[in-house]
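Take a look at the model below before reading on.

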Amino acid sequence: MDALTAERLAALAADDTVARIWRRDPSVWGGTDETPELADRLDWLTSAEVMRTEVRHIRSAADAVRDRFDRVVLLGMGGSSLAPTVLRDGLAAPAAVPGFHMLDSTHPDAVRAVEDGGGLDRTVFVVASKSGTTIETGSLAEYFWERTGGAGGQFVAVTDPGTPLARLAEEFGFRDVFLNPPGIGGRYSALSLFGLVPAALAGVDPERVLDGADAMIARCGADVPADENPAAALGAAMAEAAKAGRDKLVLDVADDLRSLGLWIE
């Protein structure tokens, strides 16, 4: 560890930063309890624990999809849709659904590739949108809804409670609707239903993901000294590198984790 990173970790320890994060203290990011974009978006801290109550539902949905479909297509935008790709690439079981595609573009070539990439009648579409109003995701869902002849049994929704997507999914008879805790921002949703449901449908064991998360939480908890905390050390190293003008991060990872860089970006 270089001297600047060690100095930064000492400052984090002096400010009790890690413990304050676990206490959901928005002042860590310069806000207050009245800063909604901070105070209302910190449920990612306990999402692994909360998701334990959803494992049975997730597994049941995944088993049903595996019996009926050959391909899972995730319709979504941004970081919330990239995390399941990483999980699928690194953790999917050998007997997983053979086809998984994440469609996060409305470009005709991208849409055509999905349409021509397998039988639509053997494809399940996961429509993922926190707000339930994402225009691109809604457009993709509408297109494939028409192409499947309005087959509700081929669609799964992942959204927040009370959104237009949640209402539409109930109205049009989607095969399943997963309502995510609303206090989780999209880019912090890997360990929520937005990450776990598509990954499970594509062959990843959600409990295995949560077990791994719990192991890291134990190493990064509020009572772990900053200089022994891998998350704090990584954050400090990246921050000091950025302050020094280094604006590129190179990841040396195994081939089955090559998609990790896309998600982090």
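What follows is a short tour of a predicted model.

Begin with the sheet. Five strands form an open sheet in the order E2-E1-E3-E4-E5, and the pairing is parallel. Two of these strands lie at the edges: E2 (99-103) and E5 (176-179), each of which pairs on one side only. Neighbouring strands are turned against each other by 15° on average, with direction ignored.

Now move to E3. This strand covers residues 123-129 and pairs with E1 (residues 71-75) in the parallel sense, over five bridges. Leu75 stands opposite Val127 of E3. With E4, E3 again pairs in the parallel sense over five bridges. Here Ser129 stands opposite Thr159 in E4.

How many residues of E3 are buried? Seven of its seven are, and the strand is mostly covered. Both faces take part. On one side sit Thr123, Phe125, Val127 and Ser129; on the other sit Val124, Val126 and Ala128; all are buried.

H6 lies across E1 and E2, and runs at about 155° to E2. H10 also packs on the sheet, where it touches E1, E2, E3, E4 (155-159) and E5. The direction of H10 makes about 160° with that of E4.

These two helices also meet each other. The axes of H6 (residues 79-91) and H10 (residues 193-201) come within 8 Å and cross at roughly 40°. H6 is therefore oblique to H10. The crossing of the pair is right-handed. Which residues make the contact? H6 supplies Ser80, Pro84 and Leu87, while H10 supplies Phe194, Gly195, Pro198 and Ala199. By class, five residues in this contact are nonpolar, two are polar and none is charged.

One last stop lies in another helix. Thr17 has its place in H2 (residues 17-22). Is Thr17 buried or exposed? Its relative accessible area is 12%, so Thr17 is buried. Apart from its neighbours within four places in sequence, Thr17 is in contact with Leu12 and Val28.

Notes
Residues numbered from 1 in each chain as written. Predicted model: local features only at pLDDT ≥ 70, side-chain atom pairs only at ≥ 80, totals over all residues. Heavy atoms only, no water. Axes fitted to C-alpha atoms, helices over the stretch in contact; angles between N-to-C directions. Helix = DSSP H or I, 4+ residues; strand = E, 2+ residues; numbered from the N terminus. Parallel < 35°, antiparallel > 145°, perpendicular 65-115°, else oblique. Left-handed = near helix turned anticlockwise from the far one by under 90°. Contact = heavy atoms within 4.5 Å. Nonpolar A, V, L, I, M, F, W, Y, C, P; charged D, E, K, R; others polar. Pairing = 2+ DSSP bridges. Buried < 20%, exposed > 50% of the residue type's maximum accessible area, 1.4 Å probe, protein only.
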